[in-house]
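Please read the notes below alongside the model. They go through the ligand site and then a few individual residues.

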Amino acid sequence: MSKNYNIAVIPGDGTGPEVVRESKKVLKAAASKFGFKLNFEDFDFGGERYLRTGEILPDSAPEQLKKFDSILLGAIGHPDVKPGILEKGILLKLRFELDQYINLRPVKLYPGVSSPLKDKGPEHIDYVVVRENTGDVYTGSGGVTMKGTPGEVAIQNMVYTRMQVDRCLKYAFEYTRKRNRKNTLALCGKTNVLTYVFDLWERAFHEIGKALYPEIKREYYHVDATCMWMVKNPEWFDVIVTSNMFGDIITDLGAITQGGMGIAAGGNINPEGVSMFEPIGGSAPKYTGKNIINPLAAISCGSMMLEHLGEDKAARAVEEAIMDVTANKIKDLGAGKMGYSTSEVGDLVAERI
Ligand code: IPM
Ligand code: MN
(Lines give C-alpha, C1' and ligand atoms only; values in the text may rest on other atoms or scores of the structure.)
(Ligands and ions follow the chains in the order given, each with its own letter.)
Protein backbone atom coordinates (compact mmCIF):
# COMPACT_ATOMS: atom_id res chain seq x y z
CA MET A 1 0.00 0.00 0.00
CA SER A 2 1.31 3.45 -0.79
CA LYS A 3 2.07 5.76 2.08
CA ASN A 4 -0.12 8.69 2.89
CA TYR A 5 1.15 11.85 4.56
CA ASN A 6 -0.97 14.65 5.96
CA ILE A 7 0.76 17.98 5.56
CA ALA A 8 -0.40 21.19 7.22
CA VAL A 9 0.42 24.20 5.10
CA ILE A 10 0.81 27.71 6.51
CA PRO A 11 1.39 29.93 3.45
CA GLY A 12 1.50 33.00 5.73
CA ASP A 13 2.27 36.53 4.62
CA GLY A 14 3.73 38.42 1.69
CA THR A 15 5.33 36.16 -0.86
CA GLY A 16 4.78 33.13 1.40
CA PRO A 17 1.74 31.88 -0.55
CA GLU A 18 3.56 32.23 -3.89
CA VAL A 19 6.59 30.19 -2.85
CA VAL A 20 4.52 27.59 -1.00
CA ARG A 21 2.44 27.06 -4.14
CA GLU A 22 5.58 26.12 -6.07
CA SER A 23 6.82 23.90 -3.27
CA LYS A 24 3.50 22.02 -3.31
CA LYS A 25 3.72 21.68 -7.08
CA VAL A 26 7.14 20.05 -6.83
CA LEU A 27 6.11 17.87 -3.88
CA LYS A 28 3.11 16.59 -5.83
CA ALA A 29 5.37 15.69 -8.75
CA ALA A 30 7.71 13.84 -6.39
CA ALA A 31 4.82 12.01 -4.72
CA SER A 32 3.42 10.72 -7.97
CA LYS A 33 6.87 9.71 -9.24
CA PHE A 34 7.85 7.87 -6.06
CA GLY A 35 4.47 6.38 -5.23
CA PHE A 36 3.21 8.06 -2.08
CA LYS A 37 0.39 10.47 -1.31
CA LEU A 38 0.48 13.94 0.20
CA ASN A 39 -2.73 15.46 1.52
CA PHE A 40 -2.33 19.19 2.03
CA GLU A 41 -4.49 21.23 4.38
CA ASP A 42 -4.10 25.01 4.46
CA PHE A 43 -4.15 27.17 7.60
CA ASP A 44 -4.54 30.94 7.25
CA PHE A 45 -2.30 31.98 10.17
CA GLY A 46 -0.47 35.22 9.50
CA GLY A 47 -0.75 38.99 9.34
CA GLU A 48 -3.90 39.19 7.19
CA ARG A 49 -5.85 37.00 9.56
CA TYR A 50 -4.57 38.95 12.57
CA LEU A 51 -5.57 42.31 11.05
CA ARG A 52 -8.99 40.90 10.15
CA THR A 53 -9.83 39.08 13.38
CA GLY A 54 -7.48 40.43 16.04
CA GLU A 55 -6.41 36.90 16.86
CA ILE A 56 -2.74 36.04 16.38
CA LEU A 57 -3.00 32.28 16.65
CA PRO A 58 -6.02 30.28 17.81
CA ASP A 59 -5.34 28.46 21.09
CA SER A 60 -6.28 25.22 19.38
CA ALA A 61 -3.62 25.58 16.66
CA PRO A 62 -0.76 23.65 18.28
CA GLU A 63 -3.00 20.70 19.17
CA GLN A 64 -4.50 20.72 15.69
CA LEU A 65 -1.09 20.83 14.03
CA LYS A 66 0.23 17.97 16.17
CA LYS A 67 -2.08 15.64 14.25
CA PHE A 68 -0.21 16.19 10.99
CA ASP A 69 2.84 14.36 9.71
CA SER A 70 4.58 17.63 8.91
CA ILE A 71 4.09 21.36 8.48
CA LEU A 72 5.17 23.49 5.54
CA LEU A 73 5.40 27.22 6.21
CA GLY A 74 5.87 30.10 3.75
CA ALA A 75 6.67 33.29 5.65
CA ILE A 76 5.43 35.19 8.66
CA GLY A 77 5.68 39.00 8.87
CA HIS A 78 3.39 41.80 7.70
CA PRO A 79 4.30 45.45 7.02
CA ASP A 80 1.17 46.71 8.83
CA VAL A 81 1.84 44.72 11.99
CA LYS A 82 4.38 45.89 14.55
CA PRO A 83 7.54 43.74 14.39
CA GLY A 84 7.57 41.00 16.99
CA ILE A 85 3.85 40.36 17.27
CA LEU A 86 3.53 37.76 14.52
CA GLU A 87 7.08 36.45 14.86
CA LYS A 88 6.61 35.78 18.57
CA GLY A 89 2.92 34.96 18.42
CA ILE A 90 3.03 32.51 15.53
CA LEU A 91 6.53 31.38 14.59
CA LEU A 92 8.18 31.22 18.00
CA LYS A 93 4.95 30.07 19.65
CA LEU A 94 4.68 27.10 17.30
CA ARG A 95 8.37 26.24 17.67
CA PHE A 96 7.95 26.21 21.45
CA GLU A 97 4.51 24.59 21.74
CA LEU A 98 5.43 21.86 19.28
CA ASP A 99 8.78 21.50 21.08
CA GLN A 100 10.69 21.75 17.82
CA TYR A 101 13.97 21.82 19.64
CA ILE A 102 16.20 21.67 16.59
CA ASN A 103 16.51 24.24 13.86
CA LEU A 104 18.31 22.50 11.05
CA ARG A 105 19.88 24.86 8.54
CA PRO A 106 22.00 23.44 5.73
CA VAL A 107 24.50 25.81 4.14
CA LYS A 108 25.10 24.41 0.70
CA LEU A 109 26.21 26.25 -2.41
CA TYR A 110 24.45 24.77 -5.42
CA PRO A 111 26.15 24.59 -8.82
CA GLY A 112 25.73 27.70 -10.93
CA VAL A 113 25.04 29.89 -7.90
CA SER A 114 27.61 32.56 -7.26
CA SER A 115 28.75 33.04 -3.71
CA PRO A 116 30.02 36.39 -2.44
CA LEU A 117 32.97 34.40 -1.10
CA LYS A 118 35.86 34.82 -3.49
CA ASP A 119 37.21 31.60 -4.98
CA LYS A 120 34.70 29.38 -3.18
CA GLY A 121 32.57 26.89 -5.06
CA PRO A 122 30.13 24.08 -4.24
CA GLU A 123 33.08 21.90 -3.18
CA HIS A 124 33.86 24.39 -0.38
CA ILE A 125 30.46 25.36 0.95
CA ASP A 126 28.51 22.34 2.16
CA TYR A 127 27.81 22.06 5.87
CA VAL A 128 24.87 22.05 8.24
CA VAL A 129 24.11 24.19 11.26
CA VAL A 130 22.17 22.52 14.06
CA ARG A 131 20.70 25.45 15.95
CA GLU A 132 19.12 24.80 19.35
CA ASN A 133 15.58 26.13 19.01
CA THR A 134 13.91 26.38 22.43
CA GLY A 135 16.26 27.99 24.94
CA ASP A 136 18.63 30.95 25.24
CA VAL A 137 17.43 34.56 25.19
CA TYR A 138 14.35 33.34 23.33
CA THR A 139 12.64 32.02 26.47
CA GLY A 140 11.41 35.47 27.56
CA SER A 141 13.11 35.20 30.93
CA GLY A 142 13.94 38.63 32.29
CA GLY A 143 12.11 41.90 32.50
CA VAL A 144 12.28 45.61 32.78
CA THR A 145 12.05 47.93 35.74
CA MET A 146 11.92 51.73 36.04
CA LYS A 147 10.96 51.86 32.40
CA GLY A 148 11.22 55.28 30.81
CA THR A 149 13.47 56.63 33.55
CA PRO A 150 17.20 57.24 33.23
CA GLY A 151 17.69 54.31 35.57
CA GLU A 152 15.75 51.85 33.41
CA VAL A 153 16.98 48.28 33.84
CA ALA A 154 16.41 45.77 31.06
CA ILE A 155 17.30 42.12 31.52
CA GLN A 156 16.99 39.32 28.99
CA ASN A 157 18.44 36.10 30.31
CA MET A 158 20.35 33.48 28.43
CA VAL A 159 18.74 30.33 29.77
CA TYR A 160 19.79 26.74 29.19
CA THR A 161 18.97 23.55 31.01
CA ARG A 162 21.15 20.46 30.85
CA MET A 163 18.20 18.60 29.31
CA GLN A 164 17.89 21.12 26.45
CA VAL A 165 21.60 21.03 25.78
CA ASP A 166 21.81 17.23 25.94
CA ARG A 167 18.97 16.56 23.55
CA CYS A 168 20.29 19.07 21.05
CA LEU A 169 23.81 17.66 21.21
CA LYS A 170 22.54 14.10 20.81
CA TYR A 171 20.64 15.12 17.71
CA ALA A 172 23.73 16.86 16.32
CA PHE A 173 25.99 13.86 16.94
CA GLU A 174 23.42 11.49 15.39
CA TYR A 175 23.05 13.81 12.41
CA THR A 176 26.81 13.98 11.92
CA ARG A 177 27.06 10.19 12.07
CA LYS A 178 24.21 9.73 9.59
CA ARG A 179 25.65 12.38 7.24
CA ASN A 180 28.93 10.46 7.29
CA ARG A 181 31.11 13.02 5.51
CA LYS A 182 33.93 14.43 7.59
CA ASN A 183 32.44 12.98 10.78
CA THR A 184 33.26 16.23 12.53
CA LEU A 185 30.99 18.12 14.86
CA ALA A 186 31.97 21.68 15.79
CA LEU A 187 30.51 23.33 18.88
CA CYS A 188 30.11 27.08 18.38
CA GLY A 189 30.00 28.97 21.67
CA LYS A 190 31.61 31.68 23.75
CA THR A 191 33.32 29.89 26.62
CA ASN A 192 35.64 32.83 27.23
CA VAL A 193 32.83 35.16 28.32
CA LEU A 194 29.63 33.17 28.83
CA THR A 195 31.32 31.03 31.41
CA TYR A 196 28.15 29.51 32.86
CA VAL A 197 26.11 28.70 29.79
CA PHE A 198 28.88 27.56 27.48
CA ASP A 199 30.69 25.73 30.22
CA LEU A 200 27.53 23.64 30.43
CA TRP A 201 27.49 23.20 26.65
CA GLU A 202 31.16 22.33 26.46
CA ARG A 203 31.09 19.77 29.27
CA ALA A 204 27.99 18.10 27.85
CA PHE A 205 29.51 18.14 24.36
CA HIS A 206 32.62 16.24 25.40
CA GLU A 207 30.84 13.91 27.82
CA ILE A 208 28.25 12.82 25.28
CA GLY A 209 30.74 12.71 22.42
CA LYS A 210 33.23 10.61 24.36
CA ALA A 211 30.69 8.18 25.73
CA LEU A 212 28.39 7.67 22.76
CA TYR A 213 30.04 8.98 19.59
CA PRO A 214 33.75 8.29 19.92
CA GLU A 215 34.20 8.12 16.13
CA ILE A 216 32.95 11.69 15.66
CA LYS A 217 35.72 14.27 15.85
CA ARG A 218 34.92 17.14 18.19
CA GLU A 219 35.96 20.74 17.53
CA TYR A 220 35.21 23.95 19.38
CA TYR A 221 35.03 27.52 17.99
CA HIS A 222 34.03 30.78 19.64
CA VAL A 223 31.09 32.34 17.81
CA ASP A 224 33.07 35.35 16.60
CA ALA A 225 35.77 33.12 15.18
CA THR A 226 33.11 30.89 13.64
CA CYS A 227 31.92 33.88 11.58
CA MET A 228 35.44 34.49 10.42
CA TRP A 229 36.06 30.89 9.37
CA MET A 230 32.65 30.58 7.69
CA VAL A 231 33.92 33.28 5.34
CA LYS A 232 37.59 32.35 5.10
CA ASN A 233 37.52 28.53 5.22
CA PRO A 234 33.94 27.24 4.95
CA GLU A 235 35.33 23.91 3.72
CA TRP A 236 36.50 23.19 7.28
CA PHE A 237 32.95 22.64 8.46
CA ASP A 238 30.82 19.52 8.39
CA VAL A 239 28.21 20.02 11.13
CA ILE A 240 28.11 22.97 13.54
CA VAL A 241 26.00 22.80 16.69
CA THR A 242 25.17 25.97 18.56
CA SER A 243 22.77 27.85 20.80
CA ASN A 244 19.59 29.55 19.64
CA MET A 245 20.83 33.15 19.35
CA PHE A 246 24.23 32.31 17.91
CA GLY A 247 22.52 29.93 15.49
CA ASP A 248 20.14 32.67 14.40
CA ILE A 249 23.04 34.99 13.63
CA ILE A 250 25.48 32.60 11.97
CA THR A 251 22.81 31.07 9.72
CA ASP A 252 22.08 34.44 8.10
CA LEU A 253 25.79 34.68 7.39
CA GLY A 254 25.72 31.11 6.10
CA ALA A 255 22.68 31.87 3.94
CA ILE A 256 24.36 34.75 2.15
CA THR A 257 27.42 32.60 1.40
CA GLN A 258 25.15 30.09 -0.34
CA GLY A 259 23.43 32.72 -2.45
CA GLY A 260 21.03 34.40 -0.05
CA MET A 261 17.43 34.26 1.03
CA GLY A 262 16.14 32.90 -2.25
CA ILE A 263 17.81 29.58 -1.64
CA ALA A 264 18.28 29.07 2.12
CA ALA A 265 15.96 26.48 3.67
CA GLY A 266 15.47 25.27 7.20
CA GLY A 267 13.53 22.88 9.33
CA ASN A 268 12.20 23.24 12.87
CA ILE A 269 12.51 19.67 14.01
CA ASN A 270 10.92 17.76 16.82
CA PRO A 271 12.49 14.33 16.34
CA GLU A 272 9.73 12.78 18.43
CA GLY A 273 6.85 14.92 17.14
CA VAL A 274 5.75 17.15 14.30
CA SER A 275 8.28 19.29 12.45
CA MET A 276 7.86 22.52 10.49
CA PHE A 277 9.85 23.43 7.41
CA GLU A 278 10.35 27.08 6.52
CA PRO A 279 12.55 29.14 4.21
CA ILE A 280 14.96 31.36 6.15
CA GLY A 281 13.96 34.42 4.12
CA GLY A 282 11.05 36.59 5.19
CA SER A 283 7.79 37.64 3.60
CA ALA A 284 9.40 40.14 1.16
CA PRO A 285 6.36 42.49 1.06
CA LYS A 286 7.71 44.58 -1.81
CA TYR A 287 7.68 41.61 -4.17
CA THR A 288 4.30 40.27 -3.09
CA GLY A 289 1.89 39.16 -5.80
CA LYS A 290 4.31 39.89 -8.64
CA ASN A 291 5.25 36.28 -9.42
CA ILE A 292 8.94 37.25 -9.38
CA ILE A 293 10.15 35.91 -6.03
CA ASN A 294 12.50 32.93 -6.02
CA PRO A 295 10.69 29.82 -4.78
CA LEU A 296 13.78 27.58 -4.54
CA ALA A 297 14.17 27.97 -0.77
CA ALA A 298 10.58 26.82 -0.25
CA ILE A 299 11.10 23.98 -2.71
CA SER A 300 14.23 23.02 -0.84
CA CYS A 301 12.17 22.95 2.36
CA GLY A 302 9.95 20.46 0.60
CA SER A 303 13.00 18.28 -0.03
CA MET A 304 14.00 18.53 3.64
CA MET A 305 10.48 17.59 4.63
CA LEU A 306 10.52 14.51 2.39
CA GLU A 307 13.80 13.40 3.90
CA HIS A 308 12.35 13.88 7.37
CA LEU A 309 9.31 11.78 6.42
CA GLY A 310 11.66 9.01 5.34
CA GLU A 311 11.13 9.49 1.59
CA ASP A 312 14.86 9.73 0.96
CA LYS A 313 14.78 8.97 -2.74
CA ALA A 314 12.15 11.59 -3.43
CA ALA A 315 14.04 14.09 -1.28
CA ARG A 316 17.20 13.51 -3.27
CA ALA A 317 15.33 13.77 -6.57
CA VAL A 318 13.95 17.17 -5.57
CA GLU A 319 17.37 18.41 -4.53
CA GLU A 320 18.95 17.15 -7.75
CA ALA A 321 16.24 18.85 -9.78
CA ILE A 322 16.94 22.12 -7.94
CA MET A 323 20.66 21.75 -8.65
CA ASP A 324 19.99 21.12 -12.31
CA VAL A 325 17.90 24.29 -12.47
CA THR A 326 20.52 26.42 -10.69
CA ALA A 327 23.30 24.97 -12.85
CA ASN A 328 21.58 25.19 -16.22
CA LYS A 329 18.58 27.50 -16.14
CA ILE A 330 18.20 30.45 -13.84
CA LYS A 331 20.62 33.33 -14.22
CA ASP A 332 20.43 34.86 -10.78
CA LEU A 333 18.68 33.94 -7.54
CA GLY A 334 17.31 37.43 -6.92
CA ALA A 335 13.63 38.34 -7.22
CA GLY A 336 12.94 39.52 -10.77
CA LYS A 337 16.42 38.53 -11.94
CA MET A 338 15.95 34.82 -12.46
CA GLY A 339 15.01 35.06 -16.14
CA TYR A 340 11.85 33.14 -15.18
CA SER A 341 8.78 33.86 -13.09
CA THR A 342 8.12 32.23 -9.72
CA SER A 343 5.72 29.72 -11.26
CA GLU A 344 8.07 28.97 -14.17
CA VAL A 345 10.87 28.12 -11.74
CA GLY A 346 8.45 25.75 -9.99
CA ASP A 347 7.61 24.20 -13.38
CA LEU A 348 11.30 23.78 -14.24
CA VAL A 349 11.96 21.87 -11.02
CA ALA A 350 8.78 19.79 -11.23
CA GLU A 351 9.48 18.87 -14.85
CA ARG A 352 12.84 17.41 -13.86
CA ILE A 353 11.21 15.02 -11.38
C1 IPM B 1 14.71 33.05 12.07
C2 IPM B 1 14.13 34.39 12.40
C3 IPM B 1 13.37 34.28 13.71
C4 IPM B 1 14.33 33.90 14.78
C5 IPM B 1 12.59 35.54 14.10
C6 IPM B 1 11.67 35.99 12.98
C7 IPM B 1 11.81 35.35 15.36
O8 IPM B 1 15.09 35.36 12.43
O9 IPM B 1 13.94 32.10 11.89
O10 IPM B 1 15.92 32.96 11.97
O11 IPM B 1 14.97 34.75 15.41
O12 IPM B 1 14.47 32.70 15.03
MN1 MN C 1 17.05 34.69 11.82
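The points below start with conventions and then turn to the ligand, the helix beside it and single residues.

1. This is a predicted model, in which local features need pLDDT of at least 70 and side-chain atom pairs count only at pLDDT 80 or more, while totals for chains, interfaces and linings use all residues. Residues are numbered from 1 along each chain as its sequence is written, chains are lettered from A and ligands numbered from 1 in the order in which they are written, and side-chain values use heavy atoms, with hydrogens and water left out.

2. The shell around ligand 1 consists of Glu87, Leu91, Leu92, Arg95, Arg105, Arg131, Tyr138 and Asp248 (a residue is near a molecule if one of its heavy atoms lies within 4 Å of it). By class, three of these residues are nonpolar, none is polar and five are charged. In this scheme Ala, Val, Leu, Ile, Met, Phe, Trp, Tyr, Cys and Pro count as nonpolar, Asp, Glu, Lys and Arg as charged, and the others, Gly among them, as polar.

3. Ligand 1 takes up the space of the second largest pocket. A pocket here is an open set of points on a 1 Å grid over the protein atoms alone, where a 1.4 Å probe fits, with protein on both sides within 12 Å along at least five of seven lines. A molecule sits in a pocket if more than half of its atoms lie within 2 Å of its grid points.

4. Helix 4 (residues 85-97) gives the most to the ligand shell, with four residues. Helices (H or I, at least four residues) and strands (E, at least two) are DSSP runs, numbered from the N terminus. The buried residues of helix 4 are Leu86, Gly89, Ile90, Leu91, Leu92, Leu94 and Arg95; buried means under 20% relative accessible area, exposed over 50%, and partly exposed in between (1.4 Å probe, protein chains only).

5. Where do the positive phi values fall? Most residues other than glycine have a negative phi. Just after helix 4, Asp99 has a positive phi of about 50°. Asp99 lies in the loop between helix 4 and strand 4 (102-108) and is partly exposed, at 29% relative accessible area. Asn291 also has a positive phi, near 60°. Its loop runs between strand 12 (276-279) and helix 9 (296-309), and Asn291 is partly exposed at 24%.

6. Asn103 lies in strand 4 and is buried, with a relative accessible area of 1%. Its side chain makes a polar contact of 3.1 Å with that of Arg105, a residue of the ligand shell, and another of 3.4 Å with the side chain of Asn133. A polar contact is a pair of N or O atoms within 3.5 Å; within protein, one must be able to donate a hydrogen and the other to accept it, and residues adjacent in sequence count only if both atoms are side-chain atoms.

7. Val26, in helix 1 (residues 16-34), is buried at 1%. Its C-alpha atom is 42 Å from that of Gln156, 130 residues away along the chain.

Methods
On a 1 Å grid over the protein atoms alone, a cavity is a set of points where a 1.4 Å probe fits but cannot get out, and a pocket is an open set with protein on both sides within 12 Å along at least five of seven lines; lining residues have an atom within 4 Å of a point.
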